[in-house]
Amino acid sequence: MSAVVGLPEIEAARARIAGMIRPTPVDPSPGLSERAGVPVWLKLEHLQHTGSFKLRGASNAVARLDEAARARGVAAASTGNHGRALAHAARRAGARAVICMSALVPRNKVEAIEALGAEARIVGASQDDAQVEVDRLVAEEGMVSIPPFDHRDVIAGQGTLGLEMIEAVPELDTLVVQLSGGGLIAGIAAAAKARRPAVRVVGVSMARGAAMQASLAAGRPVPVEELPTLADSLGGGIGHDNRHTFAMVRELVDEVVLLSEPEIAAGVRHCYWQERQVVEGAGGAGVAAMLAGRVAARGPVMLLLSGGNIDMKLHHRIVSGEDVDVAVEEAPCPESGS
Ligand SMILES: *Cc1c(COP(=O)(O)O)cnc(C)c1O
């Protein structure tokens, strides 16, 4: 099978997860449209159940499991949006879910995963140790590992967003999509370009540790140093044995924009004061790219608000205008990312 996930898989995913996810609204942004001189639309996916689009991919992957695999259960090493989404999707399907995390993960994150019905397994002192436990669960207990981005069913699930986006605004010129491991943008670009080949897809990453951008430049997956960032959901590498997203991003993404930390904060702030939406750093990155003048406005633009899971005290400080720099506040945290 080709590395690339295509429209038929994405359309099948949409039928499969209908009823498990909420189709989210597309609203115009009068303020951004006025500034850009072209219509600017916002896809409000931070309003998805569990607070991010990751529920689409996780729901599709869990729904694809047969009865026996579902009984053995699913496992992942993510404490962020993917962990939440997988816990929610598994509970809905009546499957066991084990989310592995290191002893460094804050108690509130562990409790959030448990509140969603998953089993939190605390192992070791790093994300790598947690992944070793996932691999052990797969090898010894027959559990199914559902990774956050480099998986066909996950990519196809995220791609259902691309269908909703193009159907809402068929004359779209440019789509601006967050880019970390690339499952999100790969799925969206595959769907949108199949329906409208002329659409331009722009990826947005934070300048601090942009693994996909570095890999594109190197021509192969390369590791990057993971640094604290306001866009913590965009952290992490793409995997040296990347099977799908690297090839798809190289083929389907037209351009990648990198953002500074103050630019990411400005996105969160604009979403709150101008659009009245609470987004996390990663969630506002598309808006941030537009505000920073980094997206050429040639025709109708759609920006994705990808997630809303932010600590509300941090959110309050950002929207109050405080100059928040997580790099000086936190030691580098191996638990960030998807
Ligand atoms: C995971 C995530 C992303 C990035 O998705 P990838 O598939 O890893 O590129 C963007 N925004 C939010 C809120 C996320 O949770």
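User: What makes a residue or an atom pair count here?

Analyst: In this predicted model, local features need pLDDT of at least 70 and side-chain atom pairs count only at pLDDT 80 or more, while totals for chains, interfaces and linings use all residues. Residues are numbered from 1 along each chain as its sequence is written, and side-chain values use heavy atoms, with hydrogens and water left out.

User: Why is Ser52 called buried?

Analyst: Buried means under 20% relative accessible area, exposed over 50%, and partly exposed in between (1.4 Å probe, protein chains only). Ser52 has 0% relative accessibility, so Ser52 counts as buried. Ser52 is found in the loop between strand S2 (40–44) and helix H3 (54–63); helices (H or I, at least four residues) and strands (E, at least two) are DSSP runs, numbered from the N terminus.

User: Which residues does Ser52 touch, not counting those up to four places away in sequence?

Analyst: Contact means heavy atoms within 4.5 Å. On that basis Ser52 touches Glu45, Asn81, Ser306, Gly307 and Asn309.

User: Why are the rings of Tyr272 and Trp273 called edge-to-face?

Analyst: Rings of Phe, Tyr and Trp (its six-membered ring) pair if their centres lie within 6.5 Å; planes under 30 degrees apart count as stacked, over 60 as edge-to-face and the rest as tilted. The count by this rule is 1 aromatic pair. The centres of Tyr272 and Trp273 are 5.0 Å apart and the planes stand at 80°, so the pair is edge-to-face. Tyr272 is partly exposed because its relative accessible area is 32%, and Trp273, at 51%, counts as exposed.

User: What makes S1 and S9 the edges of their sheet?

Analyst: Two strands pair if DSSP finds at least two bridges between them. The open sheet has 6 strands in the order S1-S2-S10-S7-S8-S9, with mixed pairing. Strand S1 (26–28) and strand S9 (255–259) each have a single partner strand, so one side of each is left without a neighbour in the sheet. S1 is joined to S2 by 3 bridges and the two run antiparallel, with Val26 opposite Lys43 in S2.

User: How do you know that S7 pairs with S8 and with S10?

Analyst: S7 and strand S8 (residues 200–206) pair in the parallel sense over 5 bridges, and Gln178 stands opposite Val204 in S8. The chain crosses from S7 through H9 to S8 in a right-handed β-α-β crossover, the term for a path from the first strand over the helix to the second that runs clockwise with the strands pointing away from the viewer. S7 and S10 run parallel and are joined by 3 bridges, and Leu175 has Met302 as its bridge partner in S10.

User: What makes S7 a covered strand?

Analyst: Of the 5 residues of S7, 5 are buried. Thr174, Val176 and Gln178 lie on one side and Leu175 and Val177 on the other.

User: Which residues touch the most other members of the largest nonpolar core?

Analyst: A nonpolar core is a set of buried Ala, Val, Leu, Ile, Met, Phe, Trp, Tyr and Cys residues joined through side-chain atoms within 4.5 Å. Leu175 and Ile188 hold that place in the largest core, which has 39 residues. Helix H9 (183–195) is one of the elements that give two or more residues to it, and H9 gives the most, with 8. Apart from this core lies another of 35 residues, including Met206 and Val326.
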